[in-house]
Amino acid sequence: MTIEPIQLNCSFCGKSQDLVNKLITSDSVCICNECVESCSELLIDSQPDESNQNSKQNWLDHPLPKPKKLVEYLDEHIIGQEDAKKVLSVAVYNHYKRLRHKAAQEESSSTDEGLELQKSNILLVGPTGSGKTLLTQTLAKVLDVPFAVADATTLTESGYVGEDVEGILLRLLQAAELDITEAERGIIYIDEIDKITCKSENPSISRDVSGEGVQQALLKIIEGTIAHVPPQGGRKHPNQECIPVDTSNILFICGGAFVGLEKIISRRSNSKSIGFVSSKVSSKKVKLESRAKDNLLQDLELEDIVKFGIIPELVGRLPVVTTLEPLSEEALFTILTKPRNSLVKQYQELMRMDNVRLEFESEALRSIAQEAYRRKTGARALRGLIEELMLDIMYEVPSRPDLTHCLITQEMVDQHSTAELLHYPSTLSLHRTVS
């Protein structure tokens with residue numbers, strides 16, 4: 001009589017011992033090596049994320065720069081806009097001071113219900129190329145917080161072709177490498193906010209899905225809510241798992257050129273002086289009209305933004321409003337050379353990689369600044385002008401090891417080309433070989 005061996009099976013997955021590599025047995029329970037590995041993974045996933053806790057602690061331990069230090073840092077990268085730098089630095093400092101105070105209370109498990117400090121989002125009003133995006137981006141860099149830029153013109157109401165408002169939060173999550181804790185203390189800059197104004201005077205009967213509808217959708221997110229963000233972007237689906245993001249601690253900065261806002265300010269200012277006015281009021285009006293071509297935005301009031309087409313509810317959620325001045329010709333000249341990442345230094349570094357020393361005559365830089373000022377697109381015109389000017393040089397130099405010095409003259413700028421100078425160096429002195 002032969003006794004058959006007892007067949008043991010895994011108590012979790014039911015596999016027999018001959019189908020697995022190892023079967024661990026006890027008095028009444030068996031478990032295979034595959035189930036052990038699965039249980040280990042589950043235990044690891046269920047443990048608290050120490051990296052998030054460490055990042056939070058490091059953020060609290062890192063000293064918060066004071067407003068004056070923030071302005072000093074901005075001065076190294078951005079020319080002019082002194083008022084905007086001051087307003088932004090104070091607003092950003094107060095925002096993160098509020099977050100630190102809140103985090104300290106949570107860490108100490110304090111139950112003291114004191115004053116609730118609400119956040120103050122920011123609205124930047126200024127002409128194109130005046131530095132709105134660069135200001136916010138530089139502040140986020142010095143504060144070492146996640147930063148995302150969104151274009152308001154691509155947003156539409158939920159259910160219509162375009163991008164949902166929650167898509168803005170996805171960009172911030174991606175900037176934070178999907179770390180929700182980090183993203184919830186980041187900065188979002190919404191550009192072209194003036195392009196989603198209400199079209200109440202439009203005779204069309206179609207729904208304004210990219211105007212007032214988007215403003216209404218932005219209200220809750222900007223003020224603070226738990227938004228559900230689809231991890232892959234696009235439209236949300238009923239069966240899709242979304243990432244919950246608390247926006248109450250995210251700083252929103254909105255910016256726009258608001259073309260035509262000066263006319264609204266001028267009409268408001270003129271309407272206040274109708275009738276019999278004193279000589280003092282009259283002189284004030286003349287002074288206002290005399291600087292109308294300079295910068296009327298300095299007299300901006302919230303009612304002007306509402307008349308422009310931004311709904312009052314959204315204006316109320318952007319309590320900090322500051323204006324940026326149009327860049328003068330002198331400011332554009334300074335931008336070329338003074339900032340830490342100036343355009344001249346950038347192109348000099350590019351040429352240095354090819355062992356060529358690049359120089360610009362002062363008169364050449366003046367001509368570039370004059371042309372950029374004439375184009376009325378702010379600092380953005382500077383890169384385009386230098387790129388056009390340097391195209392032939394950057395095409396030719398990598399194949400010319402005999403060149404070690406390149407000089408940009410006013411003549412090249414005035415002719416908008418360096419091709420002829422490249423091919424005839426002996427007569428027109430584009431470059432000089434330095435021994």
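What follows is a short chat about a predicted model.

Visitor: What kind of model is this?
Guide: Predicted: local features need pLDDT of at least 70, side-chain atom pairs count only at pLDDT 80 or more, and totals for chains, interfaces and linings use all residues. Residues are numbered from 1 along each chain as its sequence is written, and side-chain values use heavy atoms, with hydrogens and water left out.

Visitor: What order do the strands of the open sheet have?
Guide: The five strands run E4-E5-E8-E3-E9, with parallel pairing. Strands (E, at least two residues) and helices (H or I, at least four) are DSSP runs numbered from the N terminus, and two strands pair if DSSP finds at least two bridges between them.

Visitor: Which strands stand at the edges?
Guide: E4 (147-151) and E9 (320-323); each has a single partner strand, so one side of each has no neighbour in the sheet.

Visitor: How many bridges join E3 to E9?
Guide: Four, and E3 covers residues 122-125. Ile 122 stands opposite Val 320 in E9.

Visitor: Which strands does helix H5 lie across?
Guide: H5 (residues 132-143) lies across E3, E4, E5 (187-191) and E8 (251-256), at about 175 degrees to E5. Axes are lines fitted to C-alpha atoms, for helices over the stretch in contact (heavy atoms within 4.5 Å). Angles run from 0 to 180 degrees between N-to-C directions.

Visitor: New topic. What lies over the face of Phe 333?
Guide: Arg 366, at 3.8 Å from the ring centre. A charge sits over a ring if NZ of Lys or CZ of Arg is within 6 Å of the ring centre and within 35 degrees of the ring normal. The charged end of Lys 376 sits over the ring of Tyr 373, 3.9 Å from its centre.

Visitor: Which residues line the largest cavity?
Guide: Ile 368, Glu 371, Leu 385, Glu 388, Leu 389, Val 413 and His 416. On a 1 Å grid over the protein atoms alone, a cavity is a set of points where a 1.4 Å probe fits but cannot get out, and lining residues have an atom within 4 Å of a point.

Visitor: Which helix supplies the largest share?
Guide: H17, with three residues.

Terms used:
1 Å grid on protein atoms, 1.4 Å probe; cavity = no way out; pocket = protein on both sides within 12 Å on 5 of 7 lines; lining within 4 Å.
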